[in-house]
Protein chains: 2
Amino acid sequence: MTSGLSFLVAARQCEIGELEHLALTSELVSVIGRLIHGLQKERGMSNVYLASRGSRFGGQRLAQIGDCTALEQHVRVRFAALDTDAHRARNGARLFSRIAVVLHALDGLPALRQRVTTQALSPEASTAAFVRLVAGLLAVVFEAADSATDPAISRALVALFNFMQGKEFAGQERALGAGVFASGHADAGLQPHWQHLIESQQRCFEVFSDFSDASVRAAWIDSQPAEARATLERLRRLGSVAGLNGPLDAELSQTWYDCCTDRIDAMQSVEAFLAEQLRTLCRQRIEQARAELRSQQATLQALAREAGAADAAEAPAPITPHLERSVLGMVQEQSRRLQSMGDELETVRAALNERKVIERAKGLLMASRKLSEADAYAMLRQTAMSQNRKLVDVAESVLAMSDYLGA
Amino acid sequence: MTSGLSFLVAARQCEIGELEHLALTSELVSVIGRLIHGLQKERGMSNVYLASRGSRFGGQRLAQIGDCTALEQHVRVRFAALDTDAHRARNGARLFSRIAVVLHALDGLPALRQRVTTQALSPEASTAAFVRLVAGLLAVVFEAADSATDPAISRALVALFNFMQGKEFAGQERALGAGVFASGHADAGLQPHWQHLIESQQRCFEVFSDFSDASVRAAWIDSQPAEARATLERLRRLGSVAGLNGPLDAELSQTWYDCCTDRIDAMQSVEAFLAEQLRTLCRQRIEQARAELRSQQATLQALAREAGAADAAEAPAPITPHLERSVLGMVQEQSRRLQSMGDELETVRAALNERKVIERAKGLLMASRKLSEADAYAMLRQTAMSQNRKLVDVAESVLAMSDYLGA
């Protein structure tokens, strides 16, 4: 066996190691998705509980806290399982750092709940705390997607991350709309933020669709019946433009909440479908890579037998022309395959990079112009529309001009 | 100690692990640089030996083979050292696969040399075999640069890779020019390739300069005295345009060879300077990260003592407000630092991605239009000039239009 071949095997083993790490990460992502869903529900209940001065959702909220605590334990177990596997991680330092942020926020959850129970918090402050916690959990999912080295798994993780992010925007829209309808009048000041949440959902679900296969897209479409979409759009119109001209029917508050909740619960089932598909994909890719390693090792053994005479000699060299061609073929094939996987991965990761660029441009505008997130996003979008350019291109220009913005 | 803090430490340890891996890789890169320099010399000597039908460079070539064999052993030892460290590698599979290709080529080196000795090869075939081997070694360096997770080290590796690649183009130019001057007349058919080699050097040294600090740039400028540059440019002109009109002075062959060799040897000293700087940088970054880990651990221990009462209780929660703020500060600071390192890394890696995009576009044109590498590059460059666009943007358009090219 020539010395290059041991590296051929090492490369394959490295690939399997990366896939096994991805399988663990994918399990983590799916458990995080369930925890986020639970926290989104708890956030909504806490909001109503506080807004109603403790008269509504008291019991349901306690039950929901129980569910969330159980889900949190699952997530913590998964975190601990990752820890033991540290050195396999592609961007381990970033992932672990995100996890440290999340664990710190989870450690503070009992105190937060205590303050909700004793009504020591405003509904807005409670919602904001939950939004931050969910954002931290989503950041872990983002790092997981960013760390994937297999194009197919990376695609699935990008789809899942964008779906989860879109679902979170839907949850924030539910809370915002519930406040508007409960107050009995549409607030013009809230409109840009509401619009931002609607557009952000759209953007996330577009990326999700781009990175999903037909079966997932079909499940997504089935989960959003036309009737429900029509109701949602009508309520959005009533709560925004239409509601500016007169008082809103207080009954609409419950209608809005139910409509949004049905929609979000339906999203949860699509998310579970996506997570299951990801799990299957990881299993298949690992089995496939292991089978390829076995077949590679078998070929190498056959080659070694053929080269028996050469192996007996001290010098590494003279191998037969047939052997030479087989080895060269294997080495070249593997190199080409990894190259094309790398190219494909770049394409998938471009979607993640776009998000990073837009987030950074938004952050820069928020800091330099003292804008809210929604206003910074609206400014980017406005420029993109008026210049007929892609949002990410405008964001890149903003970053390139950062010296002029005096951040 | 709250549970998030163990991940804070894990993130830092992960970073140190990555830095240690980078230090190993950097050693490998520097040893590969020395082997490439040796092979470039051997390639030149083999070329003259074959072109002179064995009458010139016979003895020098054998001495050079001895040097190369010793350098090859160093590289093999470094490869073996990497192997044991497999799981730390960021893109291990790709790196190992490149190494497999290189080792296979190195295993074939004794047979290649045998055929040169017995003059069983044309000078062109011998040079082409050495060019392929050097390209394989440079591909290992490229993967090493692509795998760096520390922005400062990544910058140094990008600079070093581009410098090595530029030096290799200079070596190829020496061989091409030597052939032209030895033949006594300029060949119009060789002009595009010559031009390609000159421009490729320029491009590489520009990227190298962009990613180097002032001390390296000064060393580079000092290594190329104006006198030598003037001689080189005059010879280039004589060998190309001027030489098309009449016979070339045969004496110029030696002048050309010496001029190029002085230039390349001077490059080698700059490369050694770069490699030494990279080594120092790795050592400093590791020491720095270790010191930060120690200070982090000390703070955590102090915090743990402060929270002694809380630790004694079963529940993870009530920590003092002061402790709470310290922990949050550490977690947030680390997260921000990694974020900004990631952003910086994206910027550095953009230079590598540009190269990938241009290489892929070139490959696509070569396959779909049946062009040589030089012609494919000339076509991209021509389009960039006539459309006043960056080369990488044209390359991206070519890739985006791949369906239309019928590859």
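**From one methionine to two chains**

Leaving aside neighbours within four places in sequence, Met379(B) is in contact with Leu365(B) and Leu371(B). Contact here means that the C-beta atoms of two residues, placed from the backbone, lie within 7 Å. This is a predicted model, in which local features need pLDDT of at least 70 and side-chain atom pairs count only at pLDDT 80 or more, while totals for chains, interfaces and linings use all residues. Residues are numbered from 1 along each chain as its sequence is written, and chains are lettered from A and ligands numbered from 1 in the order in which they are written.

Met379(B) belongs to helix α13 (residues 373–387) of chain B. Helices (H or I, at least four residues) and strands (E, at least two) are DSSP runs, numbered from the N terminus. With 17 other C-beta atoms within 10 Å, Met379(B) is partly exposed. A residue counts as buried if 20 or more other C-beta atoms lie within 10 Å of its own, as exposed if 12 or fewer do, and as partly exposed in between, with C-beta atoms placed from the backbone. Lys362(B) is 17 residues away from Met379(B) in sequence, and their C-alpha atoms are 9.0 Å apart.

Helix α13 (residues 373–387) can also be followed in chain A. Ala374(A), Ala376(A), Tyr377(A) and Leu380(A) are buried in α13(A). These residues lie on the same side of α13(A) because they cover an arc of only 165° around the axis, the arc being that of the directions from the helix axis to the C-beta atoms. Gln382(A), Met385(A) and Ser386(A), on the other side of α13(A), are exposed. After α13(A) comes Asn388(A), with a positive phi near 55°.

Chain A as a whole has 15 helices and zero strands. Of its 407 residues, 40% are buried. The C-alpha atoms of chain A fill a box of roughly 95 × 50 × 45 Å along the principal axes.

An automatic or database domain assignment divides chain A into domain 1 (3–285) and domain 2 (320–405). Their centres, taken over C-alpha atoms, are separated by 23 Å. Domain 1 of chain A gives 16 residues to the contact and domain 2 of chain A gives 15. On the side of domain 1 that touches domain 2, the elements giving two or more residues are α1 (3–51), α5 (123–147), α6 (151–183) and α7 (191–210) of chain A.

The largest nonpolar core has 81 residues. Such a core is a set of buried Ala, Val, Leu, Ile, Met, Phe, Trp, Tyr and Cys residues joined through C-beta atoms within 7 Å. Ile32(B), Ala100(B), Leu137(B), Val141(B), Leu157(B) and Leu160(B) have the most contacts inside the largest core. Helix α6 (residues 151–183) of chain B gives the most to this core, 14 residues. A second, separate core has 80 residues, including Val102(A), Leu157(A), Trp256(A) and Val270(A).

Ala100(B) also touches residues of chain A: Gly4(A), Leu5(A), Phe7(A), Leu8(A), Ala11(A) and Val331(A), with residues up to four places away in sequence not counted. Helix α3 (residues 92–107) of chain B is largely enclosed by the rest of the structure, because 15 of its 16 residues are buried. From first C-alpha to last, α3(B) reaches 22 Å, close to the 22 Å expected at 1.5 Å a residue.

Methods: The expected span of a helix is 1.5 Å times one less than its number of residues.
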